[in-house]
Every structure is written in C-alpha cells, then in structure tokens.
There are 2 protein chains.
Amino acid sequence: MASTTGTVPSMSDLIQAGANDLKAETKADPQLQDLDASKLRITQSTSLREVPEPNSEGVWGVKQCSDHMIKVIWTADHGWHAPEIVPYGPLTMMPTASCLHYATSCFEGMKVYRGFDGKLRLFRPDRNCGRLVTSSSRLALPAFDPVELEKLLKAFLGLDGPRWLPKSQPGNFLYIRPTIIGNGEELGVQVPAEVMLFVIAVPWPDLSTGQKPGAPPKAPGLKLLASKDDIRAWPGGFGYTKVSANYGPAFLSHMEGRKRGYDQILWLFGKDFQVTEAGASNFFVIWKNKEGKTELITAPLTDKIILDGVTRRSVLELAKERLSAGSKDLQAGIEPLDVVERTFSMLEVEEAWKEGRLVEAFVAGTAYFITPVSAVNFKDTEIEIPMSNGDSGKYTAMVKNWLYDIMYGKVQHPWGVIIEEKE
Amino acid sequence: MASTTGTVPSMSDLIQAGANDLKAETKADPQLQDLDASKLRITQSTSLREVPEPNSEGVWGVKQCSDHMIKVIWTADHGWHAPEIVPYGPLTMMPTASCLHYATSCFEGMKVYRGFDGKLRLFRPDRNCGRLVTSSSRLALPAFDPVELEKLLKAFLGLDGPRWLPKSQPGNFLYIRPTIIGNGEELGVQVPAEVMLFVIAVPWPDLSTGQKPGAPPKAPGLKLLASKDDIRAWPGGFGYTKVSANYGPAFLSHMEGRKRGYDQILWLFGKDFQVTEAGASNFFVIWKNKEGKTELITAPLTDKIILDGVTRRSVLELAKERLSAGSKDLQAGIEPLDVVERTFSMLEVEEAWKEGRLVEAFVAGTAYFITPVSAVNFKDTEIEIPMSNGDSGKYTAMVKNWLYDIMYGKVQHPWGVIIEEKE
C-alpha cells in the first residue's frame, strides 16, 4: 500500500527537504534550540467552550475553536522555546508585528477524524508537518524537525479530541490549523527576530457534500470560473508553498466569481491557458485522450506553481495502485486509466469537451476533500462536465470512498495515524 | 511646479481610482458608512513613552512607536466605524484572524518631517492615501475616501509631532505606517467580515546616509545583487500594490544577498532580465544611450509589476521640470537629460557599463529616500557604477537635495503639506 512510482516523488522527499533545511540551520548556529516536543508543558482549561452541533450554524461560522491550542515561541537568540498547550484564547501582538505588515506567515490545513471504529486519526500528518517546514523556510522563517510537530499535534488532539469529536458521533472531523507567524516587533523590512508557531482546531463544514443550514438547495458539483486576467502563481514565486501570500490576493477574483454564480476560480497560467489549481484545491480531469485511452490528468509539481497537496498525492497514488490496467485491485466493469502529471491547457479541456471525450473532473484538498466539478466557464463558454453517478463521476466517487474509508478507520491503512486519547 | 506630462499619469489619477472604487462600493450598499474623519474621538495617553535620541540604537531598533495611534474598525454590516486616536499599545486578535493566515493586509510608508522653518510636513500625502485604497481594493478589503485618511493623519501627527519631532531638532523625521488588516475571525478562505485600519509613527534611521551606531564604517552607495531565480512580481499579480504579500516572500533572497555582502536585491523579470525594482525601492539608471544622449531611465508602470512609488513619481516630475533640455531651471554646466519610462534589461545595463556609458544609478523610495547605487552583481559580474561626487552621482545628489528642500521646508512647494500642531 501507499506505494509510489516515478512521476510521484517518494514519500520521504518533502520530509527530507525539511530535515535538510533543519540541518543547515542547526549547523549554522549549534547554540539554537530545536523544536522539542518532550519539553511540552500543558495548562488545562478550567472553563470549557461550547461544542457546536455537527453542520450547525456554529460550524459554518468557522471560528468556534476547541478548548486548547498549541503555542511555541522561536527567538533569534535562543531558537525554539519549550512548547505549550494552553487554553484557547486571543493573541496579543504589537502593531509593528512582522506578520501584520509583511505576510511573514504560513500554515497547514489538516483534519482529525472520529472513526467508525471509535478511534481518532490524522491523515498522513508527516506530509503536512514536512510541508510546513518547506513553507516556513521559503519565508526565511525557522525550520524544525517535522516529527516534533507531529508529536505535539498528537498531544493536543489527544486532549481535545474526546470532547470535540465524541465517540458517539463517528464520521465527524475537526479542521486543524498549524500556523507560523512572524511576531517580531521590528518594523524594518527584515526577517523577524521572533516567531510563533500555534495550532488551533475548529469544527468545519463538510464542503464536499455539506448543505449550509437555511441556504437554498444547491445542485451537486462545483462550478468553476477560469480566471482570464489574474494569475495566482508564477515560476520563481511561491505558489508551491502554503504561505499566506498565496491567499489574500486571490480573494478579489474569488469574490468576482461568486458574484457571477461560480463556486471557485480555476487558476490558469501562461498564454496557452495552462490549468493549475482550483480555488485552494488541486484540480483533476478524467478524459479519454485522442487515442481513446482513459487518463486521470493533473498539473505537475515541476514548475513550482501549484501546491503539493497531500490529498492530490494520495489520489495519484491510489489511482495508480487501484485503477491502472492490470491492477489486482481494479473492480470488475471499471475501465482502467493512466495517471498523468503534465502541463495541460484549457484549450485541451475545451477540445475534449467538444469531442465528447470529457469523463469527469474534481477538486482535491483538505478543506474540500474530493468534490466533483460540474462545469467550467472558460472565456464565457460553459463547459459542462459529465457526472455519471448523478451527483458525481464514478471514478471521483471511488477515490473519495477509498480515502474516506482510510480516514474514518473503515480500513486500516498506514496513512491513517491513530491518536491516543486522554479519557 | 509639480506639473505632469504624458508618460507620468496626472496627479489625480490614483486618487480618482480610489474614489471610483469607493463609489462602486458605496453604490453596492448605501447602508454602509464611509470613513468619516469628523467622527474622530481622541483618548490622550496619560503615560508618555520614551523618545529615542536621533540615530540612537533605539531608532535603529525600529519599534519605539510614538504616544498614540489611529484605529478605525470596518465591519461588513456597518461599514466604517468612528475613527479613534488612542494611546499606542498592543493589538488583541483571535488566532483565527484573517490577516494571520491569508495575508489580508496592506500598508503605506510615509514620513513626517520637522522643517528648518519649524513646521511639520507630510510629503504628498494624497498619493499615499490614494494608493492605500488601491492596495486595499486589490485584496477585496474596503475602500474609503483618501481625503478622510489624510485628515486623520493630520490630527494624529498634530498631536504626537511636537514631542516626537521637537522644533529644536529640525531635519528629523518619523516614519508613518498606515496599515489595513483583515481582522475577521472566520477561518474559512473568504473576505474578512471585519477589518482594522491603524496608523502608527516610529523613529526610523536615515537609511540613505545613516551609519548604524557601533557598526563598521560603510562605503557610500548600495551594492545590489540581481536576482537570478526569484521573481518578485508578474503581470496579472499584485506587484504594483503595497500589499503585505509582496514582502515576506522576498526575505529569503534578501537574506541570501546580505550573506553575500549585498545591501539589496535587484529584482529582474523575464528571460531578457528586465530590471524592475531594488529591495523595496524603485530603481533608476542614468546613462548615455547609444546615440550619446543622457537619459534617466526607470521601469514603466504599464506591466503592473512595480510599485507606483511616490518618490519615483516625484523624481520623474522634478527631472522633467529641472533637468530637461531647455528647462529654465537647468543649472549651468549640467548636461540636460531625457526622462524615459520603458522596459529595460540588465543586458542593456551591462552593455552600457562595458561601453563606458553608465553615468550613475540610485534607488528611490520612502524608507531609503534617494540612495546612490555603487555596484550591481549580475550573473557574478560586478558592474561598478560611477559616483562622480565621490559619495553619490551628481544628478542623484541634485534630485535628493531638491526633494530634501521640499520635505524640510527650505522651499515652499505644494508637495510639502503643513500640519497644524497642538502645542
């Protein structure tokens, strides 16, 4: 299981990149302290917070965090201080704080799942922890050993999990947000001398199927608006990392899309309208190529303009393992497909649509999980995308179910990492 | 004076853009309140802060802010609340605040000058206030009438000016930082429902000539490292605005440059190595073109990849007015020059250097004011730039002096806006 092949880099490469950053930094100044989960101090909350009901308005508000949070300070003269778990509450920072002016911040998006076997799981947390090191390093913020962050996450979720994801409600999740902010008070345009790593957990709506309470019923599938003018990321930039600077500047296009009745922006790049990402998710198309072979296609990581999504990577790995020709896992009656990571353009998607070769499309990410795409507006042409199951394409549904089963413990899989809980 | 011509857009265009944004927004929801300086409430500080000595370590720390700050809240349901001037102090925000995750923040850099005539002045504050509206709108954050912000700045600096820029110390300045942050608590990737505009003032070192106390003496002129791989901004992005997302991602290159002994990065773009900006300043070259004519050249605004600098614009306007052939202001013995805004490349700069046609170079911006450039490293070739006055080129020195005289009231000029002080 979880095997990787040529086009998908091996599972350890991102982690290794983080570890190399760490080694370089540690070597540069051996006096600086590494992040060390064994130094964790826990201050338990004495006034517990209200847990919103699943899919309630409180959940859709996306701000009712759990009882505690992780906080770790890094200073240029000391390195990483002792990690703390403290009651959730406001942060205090000076108006000169680096992150308020210079976007010296980056984050991760993860979920913790209450399984149908009663267990609490993270999904491939090594990937997220490693990527946070990559993002932090891209901003010249401190690196750390991702394994230590994973240990802290387990301690935090072991504490808040039992109350916020009760065993009586399997199939629910909390969204986890590890965040690094430049907290130093010098207003000069410079690398901050103080940084804070914090982690919060918040009930989050199921955007892949969830219906907002009171909202008019919505047809299944996302409608995407292909961006004509705004470019999300570019070679030599930072689109491959989860730095905050990739998000705010995208809001204007996103708002424009919403006004026009679309759910997300499909970000294009270059004069040939290369397809990159959708909203804040990776984008996949399944089509028959000109030779009649079925392909699952998505943009490659090589240009460093798209995020190396954990869900993206998992989709590619599962599809290779279970949907390729000759796979022993291939279900009866399912046509095998080739998994392709290459630059492809909206012109190709449009051509496939005109020629009746489009099979399905979906986005993949932590927030939107696996959500089918029903239409893409490209240069005012509405490209309709088939959904053979009615509310989804059939490959999309299969991939989603496989991931769901791993996340919620319906099958045991190395990607589902069990958290020991404090009862 | 302050005349503008074809290539430099008229003084009112940026302001007009802001006003148009405002009108569009107001029209969209006439219930929302505009920013209104007449509603200002002032809470005077009862415990005044220590004012650091000019050029002291306290100044170089760039965090000892003045006694007060401006704070204005905007909420999606109300619009702009009543502005406040309150004692300077920490901000409190929830860990889910938009600006900590999504770079929903933008700012301005301005200075307030204590003139040799005893008066306090801002330099073209209409430009900065208008540009902040442009930056805020680029992030889908609220617009406002820039004239109202200018009124608030005058009230704030009229209050803190007398103590922080005493009349006994003419020739000093404070750096002013108007900042807009997305303060809304919803963690979803969305336009924040609450925003804060704040303005702080801080003593700031004179980076154009200042020598850090205790640091080894530094040769005059900045040494720039032309970035080979990192690209600061791109067409379809946000490089023309002062959004926070333009800064943090540049720190890594900046740090690399510092390690190699350079003061700033010279940001290039495209396969032909187009020259864009230097560090966080605009970049100017004076050369003899191939026909032997002297030119002041800088990158154009048309691609929207460089900042529309207030100092940049002022340099261009003054040079046209006072250095052009036939100008009545042209000093005796000074060869006239042509002012050119066009895309130009490092290959052209290198060629001019090899052919002995480079005259001088400088950066222009609020933080660095006018600072001569003594060298540019381009692909490991050290391009040395003449400094005919020893510590500066002669044109650079003239432009700097003209601006200095306006800022510090040695001449009366419409760009120098006098602030009425509370004595």
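A salt bridge, as the term is used here, is a side-chain nitrogen of Lys or Arg within 4 Å of a carboxyl oxygen of Asp or Glu. One such pair joins the two chains: A:Asp230 forms a salt bridge with B:Arg138, and their closest N and O atoms are 3.9 Å apart.

Before going on, a word on the ground rules. This is a predicted model, in which local features need pLDDT of at least 70 and side-chain atom pairs count only at pLDDT 80 or more, while totals for chains, interfaces and linings use all residues. Residues are numbered from 1 along each chain as its sequence is written, chains are lettered from A and ligands numbered from 1 in the order in which they are written, and side-chain values use heavy atoms, with hydrogens and water left out.

**Where the chains meet**

Between chain B and chain A there are 2 salt bridges. The rule also finds 18 residue pairs in polar contact across this interface, both residues being at pLDDT 80 or more. A polar contact is a pair of N or O atoms within 3.5 Å; within protein, one must be able to donate a hydrogen and the other to accept it, and residues adjacent in sequence count only if both atoms are side-chain atoms. Counting any contact (heavy atoms within 4.5 Å), 61 residues of chain B meet 61 residues of chain A. About 4,900 Å² is buried between chain B and chain A, and carbon and sulfur atoms give 69% of that area. Buried area here is the accessible area (1.4 Å probe) that two parts lose on being put together, summed over both.

**A lysine with an annotation**

What does UniProt place at A:Lys242? The unreviewed entry gives "modified residue: N6-(pyridoxal phosphate)lysine" at A:Lys242; such annotations may be inferred rather than shown by experiment, feature names are shortened, and positions follow the numbering used here. A:Lys242 sits in the loop between strand S11 (222-226) and helix H6 (251-259) of chain A. Helices (H or I, at least four residues) and strands (E, at least two) are DSSP runs, numbered from the N terminus. A:Lys242 counts as buried because its relative accessibility is 9%. Buried means under 20% relative accessible area, exposed over 50%, and partly exposed in between (1.4 Å probe, protein chains only).

Over all chains the structure holds 44 salt bridges. Here are three of them.

| Pair | N to O distance |
|---|---|
| A:Glu148 and A:Lys151 | 3.0 Å |
| A:Lys290 and A:Glu351 | 2.7 Å |
| A:Arg357 and A:Glu355 | 2.9 Å |

A:Glu148 and A:Lys151 share helix H5 (residues 146-164) of chain A, 3 residues apart, about one turn of the helix. A:Glu148 is buried at 11% relative accessibility, whereas A:Lys151 is partly exposed at 43%. A:Lys290 is exposed, with a relative accessible area of 56%, and A:Glu351 is partly exposed at 29%.

B:Ala103 has a positive phi of about 55 degrees although it is not a glycine. B:Ala103 lies in the loop between helix H3 (98-102) and strand S6 (105-107) of chain B, and is buried at 1% relative accessible area. B:Phe273 also has a positive phi, of about 60 degrees, and is not a glycine either.
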